[in-house]
Amino acid sequence: MSGKASAHAFLDHAEPRVGNRVASAPREVTLWFTQKLETAFSSVTVTGPSGQRVDAGKARVSGNQVSVSLKSGGAGTYHVNWRVLSVDTHTTDGSFTFQVGP
């Protein structure tokens with residue numbers, strides 16, 4: 001055997017970056033994965049510093065990328081939760097945080 005095939009879509013990177021601090025609340029969160037995603041079964045939710053959801057509308061999937069628009073949530077810690085289905089029919093999920101403010 002020449003190599004091992006990846007069986008799931010794992011989070012490759014995100015914008016804002018995982019654990020990063022940004023000066024102002026972003027207009028959207030985008031996540032990139034190691035495999036292409038199924039649109040109908042992939043989702044992202046974002047909660048702001050108050051614990052209220054700040055994601056606005058349905059997540060948009062394009063290839064191995066998923067994005068969701070955000071409503072303004074102010075300064076503090078944002079929690080991003082994701083669940084995706086890759087084209088190989090495996091689901092993965094996870095979460096991360098980023099900070100907004102000085």
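**Strands 7 and 8**

I began with strand 7 (76-85) and strand 8 (91-100), which pair in the antiparallel sense over 10 bridges; I count two strands as paired if DSSP finds at least two bridges between them, and the strands themselves are DSSP runs (E, at least two residues) numbered from the N terminus. The model I am reading is predicted, with local features needing pLDDT of at least 70 and side-chain atom pairs counting only at pLDDT 80 or more, while totals for chains, interfaces and linings use all residues. Residues are numbered from 1 along each chain as its sequence is written, and side-chain values use heavy atoms, with hydrogens and water left out.

I looked up the hairpin of strand 7 and strand 8 and found five residues between the strands, with Thr89 taking a positive phi near 75°. For Tyr78, the bridge partner in strand 8 is Phe98. I then noted that strand 8 is also joined by two bridges to strand 2 (residues 21-22), and that these two strands run parallel; here Val22 has Val100 of strand 8 as its bridge partner.

**Aromatic pairs**

I searched the whole structure for aromatic pairs and found two, where rings of Phe, Tyr and Trp (its six-membered ring) pair if their centres lie within 6.5 Å, and planes under 30 degrees apart count as stacked, over 60 as edge-to-face and the rest as tilted. Phe33 and Trp82 form an edge-to-face pair, at 4.9 Å centre to centre and with 70° between the planes. Phe33 lies in strand 3 and Trp82 in strand 7, so this pair ties together parts that are 49 residues apart in sequence. Both Phe33 and Trp82 are buried, a word I use for under 20% relative accessible area, as against exposed for over 50% and partly exposed in between (1.4 Å probe, protein chains only).

I read relative accessibilities of 1% for Tyr78 and 0% for Phe98, so each counts as buried.

**The nonpolar core**

Of its 22 residues, Leu31 and Val46 touch the most other members. Strand 3, strand 4 (43-47), strand 5, strand 6, strand 7 and strand 8 each supply at least two residues, and the largest share, four residues, comes from strand 7. For Val46 I listed contacts (heavy atoms within 4.5 Å), leaving aside neighbours within four places in sequence, and they include Val29, Val54, Val68, Leu70, Tyr78 and Val80.

I traced an open sheet of four strands in the order 1-3-6-5, with antiparallel pairing. Its edge strands are strand 1 (11-15) and strand 5 (55-62), each of which pairs on one side only. Within the sheet, strand 3 (residues 28-33) and strand 6 (residues 65-70) pair over five bridges, and Trp32 has Gln65 of strand 6 as its bridge partner.

**Two buried serines**

I looked at Ser67, which lies in strand 6 and, at 5% relative accessibility, counts as buried. Its side chain makes a polar contact of 2.9 Å with that of Thr30, a polar contact being a pair of N or O atoms within 3.5 Å where, within protein, one must be able to donate a hydrogen and the other to accept it, and residues adjacent in sequence count only if both atoms are side-chain atoms. Beyond four places in sequence, Ser67 is in contact with Glu28, Val29, Thr30, Ala59 and Arg60.

I found Ser42 in the loop between strand 3 and strand 4, buried with a relative accessible area of 6%. Polar atoms of the Ser42 side chain lie 2.8 Å from the backbone oxygen of Glu38 and 3.3 Å from the backbone nitrogen of Leu85.

**Ala9**

I ended at Ala9, in the segment before strand 1, which at 0% relative accessibility counts as buried. Its C-alpha atom is separated by 9.2 Å from that of Asp93, 84 residues apart along the chain. Not counting residues up to four places away in sequence, Ala9 touches Phe33, Thr34, Gln35, Leu37, Val84, Ser86 and Thr92.

Key. Core = buried A, V, L, I, M, F, W, Y, C linked by side-chain atoms within 4.5 Å.
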